[in-house]
Amino acid sequence: TDPDDHSNNSKEELKFTRTISSRGVGEYQVNGKVVTFPAYEQALADIGVLLKARNFLVFQGDVESLARKTPKELVEMLEQISTSKNLQDDYDQALKAKEEAEASTVFCYRKQKGHFAERKLLKDQKEEAEHFQSCLSLKAQV
């Protein structure tokens, strides 16, 4: 297999190593081979570990930082971890379409209700006119 292929198709175990020298310089390795950070990040992404989403590794200070978050910040963090934040635009569009559909439904319902009320009024007026005509006919016969 290709040593640079880190896809999920491979069932072999991968070993990820990150070392930091005393000068603060980081070195990244995949299966003992030194790689650049983008290659290291891609290898992790290939197996579903997204560093930007921080969905796997617990970094120094994360626990304390997590305890200080507001409920809104916790939701934002969970959206980032689950990568549902990537779907935010689609969700907003669907929500807008839903609200427009609901408004249209309410408008049509009220319009239909108005038509029924107008039809009832016209029916009542017709019956009243017919009653008046029958009374006129009755009066003319008398």
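Two strands count as paired if DSSP finds at least two bridges between them, and strands themselves are DSSP runs of E with at least two residues, while helices are runs of H or I with at least four, both numbered from the N terminus. The model on screen is predicted, so local features need pLDDT of at least 70 and side-chain atom pairs count only at pLDDT 80 or more, whereas totals for chains, interfaces and linings use all residues. Residues are numbered from 1 along each chain as its sequence is written, and side-chain values use heavy atoms, with hydrogens and water left out.

**The whole chain**

Begin with a cartoon view, in which four helices and three strands can be picked out; followed from the N terminus, the elements run β-β-β-α-α-α-α. If you then colour by relative accessible area (buried under 20%, exposed over 50%, partly exposed in between, with a 1.4 Å probe and protein chains only), buried residues make up 8% of the 142 in the protein. The accessible surface, from the Shrake-Rupley method with a 1.4 Å probe and, for residues, only the protein chains shown as cover, comes to about 12,100 Å², and 56% of this belongs to carbon and sulfur atoms. For contacts, meaning heavy atoms within 4.5 Å, consider the residue pairs at least 6 apart in sequence: 31% of these contacts join residues at least 24 apart.

Select residues 16-20, which are strand 1, together with residues 26-30, which are strand 2. Strands 1 and 2 form a hairpin with five residues between them, and in the turn Gly24 has a positive phi of about 85°.

A pair of aromatic rings is described by the distance of the centres and the angle of the planes. Here rings of Phe, Tyr and Trp (its six-membered ring) pair if their centres lie within 6.5 Å, and planes under 30 degrees apart count as stacked, over 60 as edge-to-face and the rest as tilted. By this rule there are three aromatic pairs. For Phe16 and Tyr40, the ring centres are 5.8 Å apart and the planes stand at 80°, so the pair is edge-to-face. Because Phe16 lies in strand 1 and Tyr40 in helix 1 (residues 37-46), this pair ties together parts that are 24 residues apart in sequence. Phe16, at 24% relative accessibility, counts as partly exposed, whereas Tyr40, at 8%, counts as buried.

Now move to Tyr28, which forms a tilted pair with Tyr40, at 4.8 Å centre to centre and with 45° between the planes. This pair also links distant parts of the chain, with Tyr28 in strand 2 and Tyr40 in helix 1, 12 residues apart. Both Tyr28 and Tyr40 are buried.

**The nonpolar core**

Which residues make up the largest nonpolar core? Select Tyr28, Val30, Val35, Tyr40, Ala43, Leu44, Val49 and Leu51, the eight residues of this core, where a core is a set of buried Ala, Val, Leu, Ile, Met, Phe, Trp, Tyr and Cys residues joined through side-chain atoms within 4.5 Å. Strand 2 and helix 1 each supply at least two of its residues, and the largest share, three residues, comes from helix 1. In soluble globular proteins, nonpolar side chains tend to be buried together.

**Along helix 4**

Finally, select helix 4, residues 88-141. The structure holds four salt bridges, each a side-chain nitrogen of Lys or Arg within 4 Å of a carboxyl oxygen of Asp or Glu. One of them joins Glu102 to Lys98, with the closest N and O atoms 3.2 Å apart; these two residues are four apart in helix 4, about one turn, and Glu102 is partly exposed at 41%, as is Lys98 at 44%.

Further along, Lys120 bridges to Asp124 with a closest N and O distance of 3.3 Å, again four residues apart in helix 4, about one turn of the helix. Lys120 is exposed, with a relative accessible area of 53%, while Asp124 counts as partly exposed at 35%.

The last stop is the salt bridge of Glu130 with Lys126, whose closest N and O atoms are 3.8 Å apart. Being four residues apart in helix 4, Glu130 and Lys126 are separated by about one helical turn; Glu130 is partly exposed at 45%, and Lys126 is exposed at 53%.
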